[in-house]
Amino acid sequence: MQMQRIVPGRIALLIVSLLWLPGTSLAAELQQKTIAAFNHYITATEARFANELRPGGPFLYVDALSTDAQKAAYDQLKRGDILVEKLQTKLPQKESDVPDGIIHHWVGLVFIPDTTLAKVIATAQDYGHRDELYKPDVIAARVLWHQGNDYKIFMRLYQKRFTTVVFNTEYDVHWGQADAKKLYSNSYSTRIAQVKDASHPDGEEYPVGKDSGYLWRIYTYWRFQEKDGGVYLQCEAVSLTRDIPTGLG
């Protein structure tokens, strides 16, 4: 397990930054076989959620660790550290290949002391102001639709590493409750379009799936649990990018 110090509100950005493929200017095209492999991986990943969300289940990632590892992880979280771990859902060998793509799978947890579940959820569901909370990584955000526990949101993402890229993205988000002190949400990207010129974020887009291949899918699974005088926040994220071209690995 890897521990780092970080401002709690930046956990999502830390996880998302780990899901980006290093920059390359070569064009790529998202294939149906790549989508099918990603969907299969997601189905296998989500299959374990039923056990985690049941009463007494390992709601947080650290709850499934050994007794000693679990205690050490909770102690570090309470000291203000963040836990970041690379994950991989096990599939039969013949089903694990992702043709022309790479799946990135990470989980991160942070403890926010001296707060309540209600306060944290109010911030988490304030989708229309994420550009203010997470700038410069999010440069525009708005709620497209909301009814009950379901949201459809838009975010314009900005990332500068080896190169600068801007994406116009849309997500379907569903909220659920495991018990009075445990809430969760699942967020699924439904549209990711790369802007052709990052210096003009409102400009023309590449056709969806026919771009640089830096980010084709991103699904995030959030867990929130109130205990120990604060709230534990967990973000598990799975993304799909292009495969790394031969010679650039």
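Begin by selecting Glu52, Leu53, Arg54, Pro55, Phe59, Ala178, Asp179 and Lys182, which line the second largest cavity. This is a predicted model, in which local features need pLDDT of at least 70 and side-chain atom pairs count only at pLDDT 80 or more, while totals for chains, interfaces and linings use all residues. Residues are numbered from 1 along each chain as its sequence is written, and side-chain values use heavy atoms, with hydrogens and water left out.

A cavity is a set of points, on a 1 Å grid over the protein atoms alone, where a 1.4 Å probe fits but cannot get out; lining residues have an atom within 4 Å of a point. The volume of the second largest cavity is about 40 Å³, a volume being the space filled by probe spheres set on the points, which are joined across faces, edges and corners. Its lining comprises four nonpolar and four charged residues, with no polar ones. Nonpolar covers Ala, Val, Leu, Ile, Met, Phe, Trp, Tyr, Cys and Pro; charged covers Asp, Glu, Lys and Arg; the others, Gly among them, are polar. At least two lining residues come from each of α3 (49–53) and β7 (164–179). Helices (H or I, at least four residues) and strands (E, at least two) are DSSP runs, numbered from the N terminus.

Next, select Arg48, Glu52, Tyr61, Leu87 and Glu236, which lie nearest the centre of the second largest pocket among its 17 lining residues. A pocket is an open set with protein on both sides within 12 Å along at least five of seven lines. The space in this pocket is about 270 Å³. β4 (101–113) and β11 (230–242) each contribute at least two residues to the lining.

Finally, select threonine 115, in the loop between β4 and α5 (117–124). Threonine 115 counts as buried because its relative accessibility is 17%. Leaving aside residues up to four places away in sequence, threonine 115 touches Val120, Gly229, Gly230 and Val231.

Note on methods
Buried < 20%, exposed > 50% of the residue type's maximum accessible area, 1.4 Å probe, protein only. Contact = heavy atoms within 4.5 Å.
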